[in-house]
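User: I am new to this structure and would like to learn how to read its main features. Could you guide me through them one at a time?

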Amino acid sequence: EESNRSTDHQAIEDKVRKEKTLFNRIDADGSGEIEVEELNTIVQILDLQDTDFSKHELEEAKEEMDVNGDGSVDFEEFANWWDSNSPFVIKLKKAIKRQDEAIREVWNKIDVDHDNSLDHTEITNMAALLEIKLTEQEVNIAMDEMGATETIGVSFEVFTNWWLSASKIAAKVKAAARSKDLVGTKMFKRMDRNLNGHLLVD
């Protein structure tokens, strides 16, 4: 029973931490509150490339989130909204899940020894994997941005935060990853003659 309570407590802490991380990403100016108008650029703020929200969806989300109508949303209001069944929240969660899966796919390719940590060599090899050039200086900058050293590795959570940051090097890596995905998607569509999302194997 004590173990169950501990597990439940950890699950709640993880949930709050993830919600706080998302809140801070949307809170572009770092004020501790989300200005309702910041939702207009939520796709850009969260770097959700394949998602679009209509003006009507955004206006509904603003009303749902800003319960007291003061034009700003604190973390408590945000957390309550995030736990709701709002169509906007459901759509946003799906978009973020796709984003997480895409980051995890890149991570799995880079983490060649599958120890759930990236070392200096693996980050250097990341460039070769994505067929881009990163200078030694850029690799060192990326390591500094992730808080890593020659002996201290990078966790998936730290890598994700770096991936979603304003880092110019992260942007370069993301662009390369998306380019490779786009090529693969185009090739699949050319091979999918029946347009049913499946390939026939003779």
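User: What is the mean pLDDT of the protein, and where is confidence lowest and highest?

Analyst: Where pLDDT is low, the predicted coordinates should not be read in detail. Here the mean pLDDT is 80, with 85% of the residues at 70 or more. Confidence is highest in helix α4 (residues 75-82), at a mean of 92, and lowest in α9, at 65. Residues 182-192 have a pLDDT below 50, and this stretch makes seven contacts in the model beyond near neighbours in sequence.

User: Which residues of the largest nonpolar core touch the most other members?

Analyst: In soluble globular proteins, nonpolar side chains tend to be buried together. The largest nonpolar core in this model has 27 residues, and those touching the most other members are Ile123, Met126, Leu134, Phe159, Trp162, Trp163 and Val173. Two or more residues each come from α5 (87-110), α6 (120-129), α7 (136-145), α8 (156-163) and α9 (168-191). The largest share, five residues, is that of α9. Another core, of 23 residues, lies apart from this one and includes Leu22, Val36, Leu46 and Phe88.

User: With which residues is Trp162 in contact, leaving aside its neighbours within four places in sequence?

Analyst: Trp162 contacts Met126, Ala142, Glu145, Met146, Ser167, Ile169, Ala170 and Val173. Two of these partners, Met126 and Val173, are also among the core residues that touch the most other members.

User: How far from Glu77 is the nearest side chain of opposite charge?

Analyst: Glu77 is located in helix α4. Glu77 is buried but has no salt bridge, and Lys20, the nearest side chain of opposite charge, is 12 Å away. Apart from residues up to four places away in sequence, Glu77 touches Met65, Asp66, Val67, Asn68 and Ser72.

Conventions: Residues numbered from 1 in each chain as written. Heavy atoms only, no water. Core = buried A, V, L, I, M, F, W, Y, C linked by side-chain atoms within 4.5 Å. Buried < 20%, exposed > 50% of the residue type's maximum accessible area, 1.4 Å probe, protein only. Helix = DSSP H or I, 4+ residues; strand = E, 2+ residues; numbered from the N terminus. Contact = heavy atoms within 4.5 Å. pLDDT = per-residue confidence, 0-100. Lys, Arg positive; Asp, Glu negative; His and termini not counted. Salt bridge = Lys/Arg side-chain N within 4 Å of Asp/Glu carboxyl O.
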